[in-house]
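Please read it with the sequence and the coordinates at hand.

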Amino acid sequence: FLGVGAMTDFGPLLSNPKTLLLGAAAQLGVFVALAGALIMSSLSFGLIPDFTLKEAAAIGIIGGADGPTALYLAAKMAPQLLPVIAVAAYSYMSLVPLIQPPVMRALTTDAERVIEMPALRDVSKLERLAFPVISTIVIGLLLPPVVPLIGMLMLGNLFRESGVTDRLSDTAENALINTVTIFLATATGLTMEGNLFLQWSTIGVVFLGLIAFIVGTAGGVLMAK
């Protein structure tokens, strides 16, 4: 999250805050997959074990389209599903160029697809520096358990925006995040046993992940319309 923060430019969001609603609408896929996991397990006639609410929530977060978040929440709420959720999340993230375009074309007209976005206003240095600090405080007060994640994300963004920590910012968004990703992927891979993937429940999780991505994409497009 430190590395992701160092790579993130919040300028477009700050110049046009209503775009926050697009990201919020895209989370519709998370809730659809969560509900789908509960419904699927109850209607599977014993082929798929009944998912608990925490397990369903861990499956739903695949729709957030963020690998580290999916791994973090799966490890917290459903560690037994971590390998399957990791495979589903990263597989669909890599398949975004195949999954999203058909959904977008189905929900938009030719005229809508050639709309030119207006030029964004310049965001001041003060805004760029205040945003990560204020966000950490506000979100931390609302949801204290997420402070480690949001704090790292915003610290990385401060590295980027301060203009006086170029070496730290460069390390966070390149060498550090690459190293952490290697260890994270390897550690997750060590939890993957062949017998875990030869079950109906695994197929169900992978299917729900696909649904989460499709519904999330549709939610963002419809909110934009």
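## The second largest pocket

The lining of the second largest pocket is made up of 17 nonpolar residues and four polar ones, with no charged residue among them. The model is a predicted one, and the pocket in question holds about 410 Å³ of space. Its lining consists of 21 residues, of which Phe1, Pro68, Val180, Thr181 and Leu184 are the closest to the centre of the pocket.

Several helices take part in this lining: α1 (2-7), α6 (67-77), α7 (82-94), α11 (147-162) and α12 (166-189) are the elements that give two or more residues to it. The largest share belongs to α12, which supplies nine residues of the lining.

## Overall fold

The chain contains 13 helices and zero strands, so that the pattern read along the sequence is α-α-α-α-α-α-α-α-α-α-α-α-α. Its radius of gyration is 19 Å, close to the 17 Å that the globule rule gives for 225 residues, and the chain is therefore as compact as a globular protein of that length. Among contacts between residues at least 6 apart in sequence, 73% join residues that are at least 24 apart.

How many of the eight residues of α5 are buried? Six of them are, and α5 is therefore largely enclosed by the rest of the structure. These buried residues are Glu55, Ala56, Ala57, Ala58, Ile59 and Gly60, and what covers them includes α4 (28-42), α6, α7 and α13 (200-224). Lysine 54 also lies in α5, which runs over residues 53-60, but lysine 54 counts as exposed because its relative accessibility is 55%, and the threshold for that class is over 50%. From C-alpha to C-alpha, lysine 54 is 9.2 Å from leucine 34, and the two are 20 residues apart in sequence.

In α6, the buried residues are Gly67, Ala70, Leu71 and Ala74. Seen down the axis of α6, these residues fall within an arc of 95°, and they therefore line one face of the helix. The buried residues of α6 pack against α5, α7 and α12, and α12 is also the helix that gives the largest share of the pocket lining described above.

The loop between α5 and α6 holds alanine 65, which is partly exposed, with a relative accessible area of 40%. Leaving aside neighbours within four places in sequence, alanine 65 is in contact with Met93 and Phe213. The C-alpha atoms of alanine 65 and threonine 188 are separated by 17 Å, and these two residues are 123 residues apart along the chain.

## Glycine 5 and asparagine 157

Glycine 5 has its place in helix α1, while asparagine 157 lies in helix α11. Are these two residues buried or exposed? With a relative accessibility of 0%, glycine 5 counts as buried, and asparagine 157, at 1%, counts as buried too, because the class takes in values under 20%.

When residues up to four places away in sequence are not counted, glycine 5 touches Leu153, Gly156, Asn157 and Arg160. On the same terms, asparagine 157 touches Gly5, Ala6, Thr8, Phe10, Arg128 and Pro132.

## Threonine 217

Threonine 217 is found in helix α13, one of the elements that cover the buried residues of α5. At 6% relative accessibility, threonine 217 counts as buried. Not counting residues up to four places away in sequence, threonine 217 touches Gln100, Val103 and Met104. Threonine 217 and leucine 34 are 183 residues apart in sequence, and their C-alpha atoms are 16 Å apart in space.

Note on methods
Residues are numbered from 1 along each chain as its sequence is written. This is a predicted model: local features need pLDDT of at least 70, side-chain atom pairs count only at pLDDT 80 or more; totals for chains, interfaces and linings use all residues. Side-chain values use heavy atoms; hydrogens and water are left out. On a 1 Å grid over the protein atoms alone, a cavity is a set of points where a 1.4 Å probe fits but cannot get out, and a pocket is an open set with protein on both sides within 12 Å along at least five of seven lines; lining residues have an atom within 4 Å of a point. Grid points are joined across faces, edges and corners, and a volume is the space filled by probe spheres set on the points. Helices (H or I, at least four residues) and strands (E, at least two) are DSSP runs, numbered from the N terminus. Ala, Val, Leu, Ile, Met, Phe, Trp, Tyr, Cys and Pro count as nonpolar, Asp, Glu, Lys and Arg as charged, and the others, Gly among them, as polar. Buried means under 20% relative accessible area, exposed over 50%, partly exposed in between (1.4 Å probe, protein chains only). The arc is that of the directions from the helix axis to the C-beta atoms. Contact means heavy atoms within 4.5 Å. The radius of gyration is taken over C-alpha atoms; the globule rule is 2.2 Å times the number of residues to the power 0.38.
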